[in-house]
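Dear colleague,

I am handing over the structure below, and my notes on what was found in it follow. Please read them with the model open beside you.

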There are 2 protein chains.
Amino acid sequence: MIKHTVRLLLFACIATPVFAQSPDASAIRQIFDTELSQGKSYAALEYLTTRIGARLSGSPGAAAGVEWSRHEMENFADSVWLQPVMVPHWIRGQQEQARVLNSKRQGTIEMNVCALGMSVGTGPEGVTGQVVEVRSFEELKQLGEKRIKGKIVFFNRPMDVKQINTFAAYGGAVEQRALGPSEAAKYGAVGVIVRSMGINQEDYPHTGSLRYALNIPKIPAIAISTRHAALLSTLLQTEKDLQFYFETHCETLPDAPSFNVIGEIKGSQYPNEIIVVGGHLDSWDLAQGAHDDGTGCVQSMEVMRLMKMIGYKPKRTIRAVMFMNEENGLRGGLEYARQAALKQEKHIAAIESDDGGFTPRGFTMNAQEGPKARIKSWKPLFAPYGLTDFEEEGAGADIGPLEPQGVTTLGFLPDSQRYFDYHHTREDTFDKVSKRELELGAAAMTALVYLIDQHGLN
Amino acid sequence: MIKHTVRLLLFACIATPVFAQSPDASAIRQIFDTELSQGKSYAALEYLTTRIGARLSGSPGAAAGVEWSRHEMENFADSVWLQPVMVPHWIRGQQEQARVLNSKRQGTIEMNVCALGMSVGTGPEGVTGQVVEVRSFEELKQLGEKRIKGKIVFFNRPMDVKQINTFAAYGGAVEQRALGPSEAAKYGAVGVIVRSMGINQEDYPHTGSLRYALNIPKIPAIAISTRHAALLSTLLQTEKDLQFYFETHCETLPDAPSFNVIGEIKGSQYPNEIIVVGGHLDSWDLAQGAHDDGTGCVQSMEVMRLMKMIGYKPKRTIRAVMFMNEENGLRGGLEYARQAALKQEKHIAAIESDDGGFTPRGFTMNAQEGPKARIKSWKPLFAPYGLTDFEEEGAGADIGPLEPQGVTTLGFLPDSQRYFDYHHTREDTFDKVSKRELELGAAAMTALVYLIDQHGLN
């Protein structure tokens, strides 16, 4: 309302100081100004998510994503190339089915589920069994083979809503999805239901990879929506002999050829020193891979595009890498690091954006004391843009394999509150991304790359 | 993906320290834990926005909002009362129409518009005129009566996308809406079109109040969607004689009786010292008033509810005030302050939430040095919850009238990036609010009230 105006005009004055700025502060101002007024990251994301869509490794969408990102980066990179990598090729097949068969009070109840990524399928005969609910691997162990054999294990430990950082809540629950199927199979389970890695009450399931252990039978596994997880748990309190049926048609085909897509601007002074910025091009198959990780891809591309737009010629070599296969294999990240070692490339820093395209809060890092102190000394340059958190450890899955080579790795850190509303679900679509939030992240990443390029890390 | 797990578990440890906490830190932890796991703010917001909906002053929706909030607060307040206040009663009437009549290239072009709040209507005959586009009052003045008389003035200065805080961008443009109609009428304009106070390219217009100056003819005014503002501006570059027609049926009825709704928990030690927390119950008529300001209302109520839930008995008197008529008159805020002065009530602090229900970033304040230093000394207690910004001036429109009484006023400061996607439009609906973001704000406000209650401000 009108009464606000005075305060608002005051804000405007604070936000645009008229006094002279340092060269770094001016460059960063120009980066943000350019992105917010002429940035192309949102338009790029629209193309990637709404015209190409889902991009699971080995799928036609992933191939289209590779071609598109190559063409896109040719608009502003000195050179663009494809780095071949063989990837797992898992397909979901026809729609999953799941139901409670014999509730005394409600009869047959259809359940919202999806197969977990990399799961074996049940085939048309499905799996039927009594359901045993557990909240931990310890509980599973105590029940043992006697109580588990021939049954379906239901992992139902919720994400902890009390964690302020939702990734912490995810970290406290995701072992159920990743390792639960093999843990249950150890005791003779015939199938696994995992409560979706969602933090709210939702009607849709969250997929995501499981990881089968060696030498343990591979049993089929599904995720169930949080709402139906709650319903199933409630039913089980009074109906211990509940029979559950599910049918999945997923399968793993032979590995398929794919690529990391790499764009590069050659450094003018230290061309052998490489700064990588990246996201992963592959996404789960249920939606458009908008926040996971279309936003990280277009933000990484935008770093190079913005440098071009403002006429900045980097001293060091800047690479944007669209990693393939983060979701179910990490083959792209592993291959990129392997090639870097083979070619004895000197990477001085790698930055990944894979926590969604939300308002930036800062950067996480895995770094030695020297580089860490250097990066933290730049905090005042980021504060005007709302980035204040430089304290957490961590970087990104795709750039993790570079760490043994002594590379300083960083993760773009956006606000985490909405990420798990969309993560690995049908809801991860373009319309969930705010143009400004996306752009602020792209500009923040560009500013960080600019500072590392200008000043190095040693 | 799975590789994240190590980092995530690390986060979990950081987020939940096992070492002993100060009593304040423990209380605040309990406040956040309780809200995030058992909070009622989201359910309250769902009722207010989806069952009651739009609540413009004098409307049936506003009356329903008064009744609902009285009932709701009776669940946890010691007492609840209605404070009578007469409010302006403006109604939109039937759907607005607007079109370009004679584009050489495109013929008749329908335009997305809405009447500005408090505007006079054109009636069924509408207004027709040539369009003169300006970007400032200065430009308008230079054109003068000779070029303006009998025409429709089109104020088309955009919000500055380069402002990081979107309220600053709003502050730099909103005078066009608030004061533009009378400025144009000074020179004989017959109508006004204002570019919507939206930051993106959008298809829908933003309403909001104008303020007619005394002794200047009241001319009808509309807001046009940002996309159609751009189209109109483009057309005007080559077609100077463009004729524009618009028709509005809004009118201002006699003032109507309404109420502020006040809930109170009496202080156990200093009952005469009052801490107010509030939002405004009224909203524009185009949607559900979710972020503006349903979220502020339910967060303010939640402060009292949370105190009850955790068994906290405040030393001072806590009041949640649902102010009426912030949008088009501020009568509720003015009356609340008038009554406070009349009754010689001692308000030690007032906190308003009216910048949307997004992730909390901090608090703004209008305070003397002593209280300001006290509040800033609490920053470490808020940092674990992501609130780090305590630097800006400002508080809230409804509590502004308390400031001459020496009351320390504060504003809840959420992330501002998405606010103007919804503000005063059909898009300001319940589904745009994130449950967790809303709850974090409610808990942050409760924590601040708790600290003021515990330690005072002097």
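In which sense do strand β5 and strand β9 of chain A pair, and over how many bridges? In this model, which is a predicted one, β5 (residues 127-134) and β9 (residues 243-247) of chain A pair in the antiparallel sense, over four bridges. Within that pairing, Gln130(A) has Gln243(A) of β9(A) as its bridge partner.

Both strands belong to an open sheet of eight strands in chain A, with mixed pairing and the order β3-β2-β9-β5-β6-β7-β8-β4. Because β3 (107-110) and β4 (113-115) of chain A stand at the edges, each with a single partner strand, one side of each is left without a neighbour in the sheet. On average, and with direction ignored, neighbouring strands of this sheet are turned by 30° against each other. Helix α5 (residues 137-148) of chain A lies across β5 and β6 (152-155) of that chain, and runs at about 140° to β5(A).

Turning to helix α4 (residues 60-73) of chain A, its 14 residues should span 20 Å at 1.5 Å a residue, and this agrees with its end C-alpha atoms, which are 20 Å apart. Its buried residues include Trp68(A), Glu72(A) and Met73(A), and among the elements that cover the buried residues of α4(A) are α3 (41-52), β1 (79-91) and α10 (290-309) of chain A.

Finally, a search of the whole structure finds four cavities of 30 Å³ or more. The largest cavity has a volume of about 60 Å³, and its lining includes Trp284(B), Asp292(B), Glu327(B), His424(B) and Asp428(B).

With best regards

Definitions and conventions: Residues are numbered from 1 along each chain as its sequence is written. Chains are lettered from A and ligands numbered from 1 in the order in which they are written. This is a predicted model: local features need pLDDT of at least 70, side-chain atom pairs count only at pLDDT 80 or more; totals for chains, interfaces and linings use all residues. Side-chain values use heavy atoms; hydrogens and water are left out. Helices (H or I, at least four residues) and strands (E, at least two) are DSSP runs, numbered from the N terminus. The expected span of a helix is 1.5 Å times one less than its number of residues. Buried means under 20% relative accessible area, exposed over 50%, partly exposed in between (1.4 Å probe, protein chains only). Contact means heavy atoms within 4.5 Å. Two strands pair if DSSP finds at least two bridges between them. Axes are lines fitted to C-alpha atoms, for helices over the stretch in contact, and angles run from 0 to 180 degrees between N-to-C directions. On a 1 Å grid over the protein atoms alone, a cavity is a set of points where a 1.4 Å probe fits but cannot get out, and a pocket is an open set with protein on both sides within 12 Å along at least five of seven lines; lining residues have an atom within 4 Å of a point. Grid points are joined across faces, edges and corners, and a volume is the space filled by probe spheres set on the points.
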